[in-house]
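Here are my notes, as promised, with the model open alongside.

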Amino acid sequence: MTATPGATPTIVLVGHGMVGQRFLEALAERGLTATHRVVVLCEEPRPAYDRVALTSYFSGRTPEELSLTDMEFIREHGIELRLGDPAESIDRAAREVTARSGLVVGYDTLVLATGSFPFVPPVPGKDAEGCFVYRTIEDLLAIEEFARSRATTGAVVGGGLLGLEAAGALKGLGLTSHIVEFAPRLMPVQVDEGGGAALLRTIENMGLAVHTGVGTQEILVGDDGAVTGMKLSDGSELAADLVVFSAGVRPRDQLARDCGLTVGERGGITVDEQCRTVADPHVFAIGECALATDGRVYGLVAPGYEQAETAAATIAEDERAFTGADLSTKLKLLGVDVASFGDAHGTTEDCLDVVYSDSRAGLYKKLVIGRDGTLLGGILVGDAEAYGTLRAFTGSVPPVSPESLVLPAGAGAPVQLGPSALPDEAVVCSCHNVTKGTIRGAVTEHSCTTVPEVKKCTKAGTGCGSCVKVLGQLVTAELEASGVEVDKGLCGCFGQTREELYEIVLALRITSYRTLLDRYGREDARGGDGCEVCKPAVGSIIASLAPTIGAEGYVLDGEQAALQDTNDHFLANLQKNGSYSIVPRIPGGEITPEKLIVIGEVARDFGLYTKITGGQRIDLFGARVEQLPLIWARLVDAGFESGHAYGKSLRTVKSCVGQTWCRYGVQDSVRMAIDLELRYRGLRSPHKLKSAVSGCARECAEAQSKDFGIIATSNGWNLYVGGNGGATPRHADLLAQDLGDAELVRLIDRFLMFYIRTADRLERTSTWLERIPGGLDHVREVVVEDSLGICEELESLMTAHVANYRDEWAETINDPEKLSRFVSFVNAPDTPDPVVGFVAERDQIKPDLPLLTIGTRPLEGSAQR
Amino acid sequence: MTLAPETTGTTTAPSVQLLLENDWFTVCDLTLLTPGRGVAALLPDGRQVALFTDRAGRTYAIDNRDPFTGAAVLSRGLTGTHRGRPYVASPLLKQRFDLESGRCLDDEEVRVATYEVRAA
């Protein structure tokens with residue numbers, strides 16, 4: 001089988017990893033996919049995925065979620081992606097690549113992006129059963145399987161970045177874990193001795209055993225051919241039944257060697273500044289397999305991306321060069337911040353160090369300063385908060401003294417160096433090489449006013465995300481500088497944010513909107529009627545805090561009634577023709593046949609359109625306002641209560657059927673979903689809240705797309721927060737693992753109350769989590785570790801909510817005064833609204849839309865004066 | 001269909017009246033209006049009116065039909081004050097209408113009918 005290049009020139013890409021995928025995107029951006037045939041030979045069985053985040057598989061991210069490849073993109077650009085079909089040989093004379101399947105592809109341009117392979121030291125026993133490497137999703141699946149079925153103790157060879165991740169993963173799988181590092185400290189490449197010491201203490205405190213300064217001499221193998229332990233260079237032995245080699249990687253250049261391309265002494269395909277191989281102008285090499293002109297093989301993704309861009313630009317005959325890259329990294333390893341940037345090890349002549357070290361707190365910060373005061377680089381362990389600013393200052397003289405940059409707050413560090421002090425050339429986002437000047441330009445020239453807009457416009461912050469905080473500060477500073485007053489007020493009536501209003505209402509026990517407006521509103525809004533923005537927002541705050549501040553919790557009482565949006569006012573959802581829909585609560589999606597029949601009968605008797613919702617409930621459409629109490633009288637009588645589909649409050653807690661029935665289930669997800677739904681029902685919040693509980697890791701309830709989602713583990717529950725579906729999908733982040741029932745509920749109590757307290761109006765948990773300073777880490781500190789000391793208060797607020805819950809519909813139908821608002825017309829209470837009409841469709845009703853366009857036509861037989 | 005009987009002058013509680021052509025049409029007791037919230041009323045010719053009152057006790061009446069959607073829902077919107085003038089925001093797509101002039105604050109070309117209203 002031979003495919004010869006026809007009229008269209010062909011680009012063959014060997015390797016579909018992160019850099020390969022970026023190369024394809026760069027080709028597409030330059031229009032080259034339209035003018036070229038593009039063939040990709042990929043060894044792994046799956047398309048490019050996020051190898052940097054590989055370890056997140058063990059915290060619940062599935063291989064699908066790790067994927068970086070949009071198959072739509074591949075199809076749209078006509079890319080021939082061949083999975084599981086690696087290149088076997090290259091014939092440079094004939095310009096042909098042969099794949100394992102036997103396919104021969106001719107090329108005009110060949111791009112090698114074969115990456116690297118894990119280095120396994122040549123020790124006896126290295127191939128025994130139970131020995132693994134840590135590089136691909138398949139490696140992780142194999143480790144997981146083996147750890148679960150056969151291992152109790154794991155040892156990781158190599159205490160670098162990946163080694164620490166691997167050790168953390170083994171610990172997470174329930175194994176006793178050891179790390180064996182030949183160098184005298186952990187992460188020898190990134191940190192120096194002091195940083196290594198801070199790191200060591202923190203990691204040992206987590207229960208991992210660290211052995212530094214020793215090498216692995218032999219893997220001990222039992223009679224059955226499986227690993228039993230390791231023999232170390234100091235003569236000691238370590239029992240282990242699983243070994244992961246993570247002793248660095250080597251460029252994967254065999255294919256290049258075999259076809260006579262030039263490779264470096266220590267490996268790596270030698271390329272020029274355009275990423276073209278020095279031996280053959282038709283062949284390029286990018287990423288971890290390439291040896292750049294500065295004599296380095298880059299193992300980081302950002303330089304790889306830059307090489308991908310350079311190669312694509314060169315193919316498109318644009319000028320671009322790759323001459324070397326910054327090795328800055330910021331990581332969160334086993335929960336510890338580690339960052340190094342620039343000349344971290346102080347190799348520049350005559351340079352000086354400024355060091356702050358507190359090994360008790362696991363803190364270590366070092367800056368490397370040149371003779372003239374230029375910041376050359378640095379290392380941060382335990383607190384990498386300043387990384388974004390410092391990295392951007394590298395290569396220039398910072399405007400404040402270096403000491404003040406590393407000293408902790410309160411220790412004589414009066415200066416907080418903001419990103420406003422950065423020069424325009426400073427690179428803020430190193431993943432996409434975006435400078436401060438470009439970001440400023442996005443605000444001043446492209447009229448971006450928010451971080452998401454700037455991200456979209458410049459790509460900054462869309463890589464590893466470590467610069468997003470600096471990005472936010474820059475955008476705000478730039479808006480303020482260009483005279484745009486950044487008014488953070490809720491609306492035209494209040495200069496305070498929702499969070500500030502919440503604090504005022506709580507602290508001063510204010511139970512009335514008018515009091516709040518007249519005392520705390522903007523000058524010209526006081527005494528007025530407010531607006532449609534702040535009224536429901538304040539109504540929601542008062543309702544959330546009702547039991548605590550002594551307000552009436554029922555949303556239709558007194559002044560509260562006038563604050564509610566129409567949906568809350570009529571306890572139903574307004575639809576386009578002025579009719580309403582009704583959603584009774586069906587906790588956890590569990591319902592008896594009797595209740596199902598009642599819903600059917602009610603819908604039939606009132607002629608309602610019925611539809612199953614995405615939240616495992618039943619929505620009944622087409623009720624006129626005066627019918628609502630009649631319908632609810634029947635529903636309440638049958639034991640139903642309000643589902644709050646109309647409120648900014650808890651909607652549903654979906655569930656899968658769980659352990660009770662499902663052969664895979666490991667916990668009773670239905671019971672937990674019901675418990676949670678009943679606990680949080682009626683809780684007023686800044687926006688709607690959705691939840692789900694899955695009974696096993698298969699995640700049939702889709703909990704990771706919810707504001708708070710729970711996934712069962714064999715040891716309890718994992719709690720995920722900040723997920724979202726809809727137009728801006730976001731996968732939820734893992735907040736805590738393996739929780740017992742009570743622990744789970746306590747954390748959710750705190751999380752929800754903290755969200756209600758600090759979120760903006762109509763801000764879902766997903767955007768809230770992205771916006772609040774410190775993000776998920778901050779939320780975890782507050783609600784898990786109680787860093788602000790407010791957890792007791794958050795819990796008692798929730799306890800008060802739970803104790804005071806009453807069903808709004810039951811209260812309404814038992815109170816004639818409340819019922820009086822459910823009339824079509826104040827002067828003709830039983831006359832149906834004539835523009836609410838219906839026609840048939842698929843055996844049900846739908847709104848009669850023409851009626852709306854002629855809505856003012858006189859009524860037939862209308863009463864005479 | 002039933003219309004509430006006219007009660008002009010026969011009760012002590014003040015009622016809300018609309019000027020239709022040359023006559024005052026009594027709609028309901030003033031006590032049925034809640035500040036910040038509206039009610040819908042049906043006119044003898046089938047038209048619908050949205051009635052409101054504000055904190056100061058002033059009353060307003062505009063056509064109940066939302067011109068953007070055709071649905072008769074303006075009485076169910078939230079009211080507010082914009083630059084000292086009262087308005088209602090449609091509960092469907094949130095366009096705001098000045099309660100005195102009927103003009104839409106979000107689209108200059110749109111306005112709804114207004115009615116003269118009094119408490120008597």
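1. Let's start with helix H1 of chain A. In this predicted model, 9 of the 12 residues of H1(A) are buried, so the helix is largely enclosed by the rest of the structure. The buried ones are Met18(A), Val19(A), Gly20(A), Gln21(A), Arg22(A), Phe23(A), Leu24(A), Ala26(A) and Leu27(A). Note that Arg22(A) is on that list.

2. What do the buried residues of H1(A) pack against? Their neighbours in chain A are strand E2 (10-14), helix H2 (32-35), strand E3 (37-41), strand E8 (109-112) and helix H9 (301-315).

3. On geometry, H1(A) covers residues 18-29 and spans 17 Å from first C-alpha to last, close to the 16 Å expected at 1.5 Å a residue. Just after the helix, Gly31(A) has a positive phi of about 75°.

4. Next, a helix pair in chain A. H12 (residues 436-444) and H13 (residues 451-458) pack at an angle of about 115°, and their axes are 10 Å apart; the crossing is right-handed. From H12(A), Thr438(A), Ile439(A), Ala442(A) and Val443(A) meet Val454(A), Cys457(A) and Thr458(A) of H13(A). That contact has 5 nonpolar residues, 2 polar and no charged.

5. Over in chain B, have a look at strand E4 (residues 48-53), where 6 of 6 residues are buried. Gln48(B), Ala50(B) and Phe52(B) point one way, while Val49(B), Leu51(B) and Thr53(B) point the other way.

6. Which strands pair with E4(B)? Strand E3 (residues 38-42) of chain B runs antiparallel to E4(B) and is joined to it by 5 bridges, with Leu42(B) partnered by Gln48(B). Strand E5 (residues 59-63) of chain B also pairs with E4(B) in the antiparallel sense, over 5 bridges, and here Ala50(B) stands opposite Ile62(B).

7. The hairpin of E4(B) and E5(B) has 5 residues between its strands, with Gly57(B) at a positive phi near 90°.

8. Finally, the wider view. Chain A has 29 helices and 39 strands, and 47% of its 865 residues count as buried. Its contact with chain B takes 35 residues from chain A and 38 residues from chain B. Helices H18 (558-563), H19 (566-570) and H29 (849-853) of chain A each supply at least two residues to chain A's side, which by class has 13 nonpolar, 14 polar and 8 charged residues.

Conventions: Residues numbered from 1 in each chain as written. Chains lettered and ligands numbered in written order. Predicted model: local features only at pLDDT ≥ 70, side-chain atom pairs only at ≥ 80, totals over all residues. Contact = placed C-beta atoms within 7 Å. Helix = DSSP H or I, 4+ residues; strand = E, 2+ residues; numbered from the N terminus. Nonpolar A, V, L, I, M, F, W, Y, C, P; charged D, E, K, R; others polar. Buried ≥ 20, exposed ≤ 12 C-beta atoms within 10 Å, placed from the backbone. Expected span 1.5 Å × (residues − 1). Axes fitted to C-alpha atoms, helices over the stretch in contact; angles between N-to-C directions. Left-handed = near helix turned anticlockwise from the far one by under 90°. Pairing = 2+ DSSP bridges.
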